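Dear colleague,

I am passing this structure on to you, together with some notes on what was found in it. Please look at it first and then read on.

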Amino acid sequence: MKIATWNLNSIRAREERLYRWLDAEQPDVLCLQELKAQDDDFPFSGVEAAGYNAAVYGQKTYNGVAILSNKTITNVVRGMADDDPQARLIQADIEGIRIISAYFPNGQQVGTEKYQYKLAWMKRLKAFFEREASPDDPLVLCGDFNVAVDEADVANPEKWSESVLCHADARKALEEIRAWGFVDVFRRHHPDGGVYSWWDYRMLAFPKGDGVRIDHIYATSAVAERSTAASVDRNERKGKKPSDHAPLIVEFD
DNA sequence: ATGGCATAATTGTTATGA
């Protein structure tokens with residue numbers, strides 16, 4: 001079972017790239033973030049032609065998440081059962097595993113209202129798991145978490161130390177979610193870090209290797225123990241019109 | 001060994017990203 005996650009930074013801008021990647025990689029599950037499209041603009045027919053079912057939670061201009069799978073998708077839930085209008089979470093059952101595609105708020109800058117929203121959103125996500133799930137359930141939480149776990153996730157830690165991706169409060173909020181019952185599956189296969197998933201479009205960040213690991217695949221322990229490999233497909237950050245994020249892939253037995 | 005911001009909503013400029 002191959003499970004992947006990819007922040008596309010607009011599904012319409014990345015449609016052909018998405019189909020090429022699905023064709024080449026054939027993931028069983030692909031969690032998408034930043035669709036930047038409402039449900040009516042989601043390319044259902046193209047995704048279906050590529051051999052995938054889709055559960056979509058779209059939003060105009062911003063956010064938007066989806067789960068694609070070549071298997072049957074059931075029990076789709078959009079959002080966290082509250083009145084937040086931002087489309088940042090979708091979950092569904094695939095082959096007996098609860099798959100969650102999450103687009104955590106960026107937070108813009110420490111000290112702003114957006115950063116407060118980010119921290120509050122993460123607290124709500126933890127409360128959601130406490131309320132709706134058990135660490136004994138087979139869960140896989142995928143997405144753009146907009147948090148780098150520690151310095152091993154950042155090529156230039158000093159440059160990012162005060163950013164919303166690395167700030168102590170964001171890291172603490174993520175650690176509390178993990179401590180509820182998740183394993184950082186990617187880190188399990190790359191204990192020394194140094195593998196990144198996002199590079200700024202500006203300042204030659206990609207060719208300079210100035211990356212950050214902010215996209216993650218977490219799983220509850222029973223599922224995490226069955227993971228056999230994890231990787232980032234850096235090739236998807238290359239070429240014409242890439243997303244600023246590359247796909248993260250984990251293989252499970 | 002790739003590309004120097006990009007995207008959507010609009011139509012010139014702004015909000016947002018990370």
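**Strand pairing and surroundings**

Thr 5 stands opposite Leu 248 in β14, where strands are DSSP runs of E with at least two residues and helices are runs of H or I with at least four, both numbered from the N terminus. This is a predicted model, in which local features need pLDDT of at least 70 and side-chain atom pairs count only at pLDDT 80 or more, while totals for chains, interfaces and linings use all residues. Residues are numbered from 1 along each chain as its sequence is written, and chains are lettered from A and ligands numbered from 1 in the order in which they are written.

The pairing of β1 with β14 (residues 248-252) is antiparallel and is made by four bridges; two strands are said to pair if DSSP finds at least two bridges between them. With β2, in contrast, β1 pairs in the parallel sense over five bridges, and here Asn 7 stands opposite Gln 33. Five of the six residues of β1 are buried, so this strand is largely enclosed by the rest of the structure. A residue is called buried if 20 or more other C-beta atoms, placed from the backbone, lie within 10 Å of its own, exposed if 12 or fewer do, and partly exposed in between.

These strands belong to an open sheet of six with mixed pairing, in the order β3-β4-β2-β1-β14-β13. Because β3 (53-57) and β13 (227-232) stand at the edges with a single partner strand each, one side of each is left without a neighbour in the sheet. Neighbouring strands of this sheet are turned by 15 degrees against each other on average, direction ignored; axes are lines fitted to C-alpha atoms, for helices over the stretch in contact, and angles run from 0 to 180 degrees between N-to-C directions. Within the sheet, β2 (residues 29-33) and β4 (residues 65-69) run antiparallel and are joined by five bridges, with Val 29 partnered by Ser 69.

There is also an open sheet of six strands, again with mixed pairing, in the order β5-β6-β7-β8-β12-β9. Its edge strands, β5 (74-78) and β9 (182-184), each pair on one side only, and the twist averages 20 degrees from one strand to the next. Here β6 (residues 89-94) pairs with β7 in the antiparallel sense over six bridges, and Ile 90 has Ser 101 as its bridge partner.

Leaving aside neighbours within four places in sequence, Val 140 is in contact (C-beta atoms, placed from the backbone, within 7 Å) with residues including Ile 3, Ile 99 and Ile 217.

Finally, 29 residues surround DNA strand B, the closest being Ser 10, Ala 13, Asn 106, Arg 202 and Pro 207; a residue is near a strand or molecule if its C-beta atom, placed from the backbone, lies within 6 Å of it.

With kind regards

Technical notes. Two residues are in contact if their C-beta atoms, placed from the backbone, lie within 7 Å.
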